[in-house]
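I opened this entry to keep track of what I looked up, one item at a time.

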Amino acid sequence: MIRKAILKDIDNLLLITRACAVNMIGKNIYQWNAFYPNKNAFLKDLERSELYVLELENTLIGCVTISTFMDEEYETISWLSPNKNNIYIHRLAMHP
């Protein structure tokens with residue numbers, strides 16, 4: 001089941017994203033590490049009501065942030081389409 005995240009989900013989401021980071025680093029993908037994603041990022045997602053979780057048999061196995069917020073890192077990119085009313089996917093994770 002997909003549902004909006006709640007505060008008590010965050011600790012489990014950190015375990016999932018850390019497991020994802022270890023898995024990605026093992027494949028020479030260095031997008032995530034021990035410092036990101038972090039609790040503060042998930043708290044901001046939760047405050048904006050943009051954080052969703054995936055549960056299977058009452059166990060959290062994944063998450064995604066669906067947001068209208070564009071990270072600073074993307075502001076300097078020359079996009080092919082206008083940056084108006086865009087939706088961004090952040091912190092998409094499934095426990096490996």
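I started at Asp71, which sits in the loop between E3 and E4. I kept in mind that this is a predicted model.

Is Asp71 buried or exposed, and what is the nearest side chain of opposite charge? I found Asp71 buried, yet without a salt bridge. The nearest side chain of opposite charge is Arg91, 4.9 Å away.

I then looked for a polar partner. The side chains of Asp71 and His90 are joined by a polar contact of 3.4 Å.

Next I turned to Arg91 itself. Arg91 belongs to strand E4. Its phi is positive, about 50°, although Arg91 is not a glycine. I noted a relative accessibility of 9% for Arg91, so this residue counts as buried.

Where else did I note a positive phi in a residue that is not a glycine? I noted it at Asn58, with phi about 65°. Asn58 is placed in the loop between E2 and E3. Is Asn58 buried or exposed? At 72% relative accessibility, I logged Asn58 as exposed. Arg91, by contrast, is buried.

I moved on to the sheet. Four strands make up an open sheet, ordered E1-E2-E3-E4, with antiparallel pairing. Which strands stand at the edges? They are E1 (2-4) and E4 (88-94). Each has a single partner strand, so one side of each is left without a neighbour in the sheet. On average, neighbouring strands here are turned by 25° against each other, direction ignored.

I checked how E4 is held to E3. Five bridges join E4 to strand E3, residues 59-67, and the two run antiparallel. I picked out Ile66, whose bridge partner in E4 is Ile89.

I then asked what lies across the sheet strands. Helix H1, residues 10-25, lies across strand E2 (51-56), E3 and E4. The helix runs at about 85° to E3.

Which peptide bond did I log as cis? It is the one from Tyr36 to Pro37, with omega near -5°. Pro37 falls in the loop between H1 and helix H2 (39-47).

Definitions and conventions:
Residues numbered from 1 in each chain as written. Predicted model: local features only at pLDDT ≥ 70, side-chain atom pairs only at ≥ 80, totals over all residues. Heavy atoms only, no water. Pairing = 2+ DSSP bridges. Axes fitted to C-alpha atoms, helices over the stretch in contact; angles between N-to-C directions. Contact = heavy atoms within 4.5 Å. Buried < 20%, exposed > 50% of the residue type's maximum accessible area, 1.4 Å probe, protein only. Lys, Arg positive; Asp, Glu negative; His and termini not counted. Salt bridge = Lys/Arg side-chain N within 4 Å of Asp/Glu carboxyl O. Polar contact = N/O pair within 3.5 Å; in protein donor to acceptor, adjacent residues only side chain to side chain.
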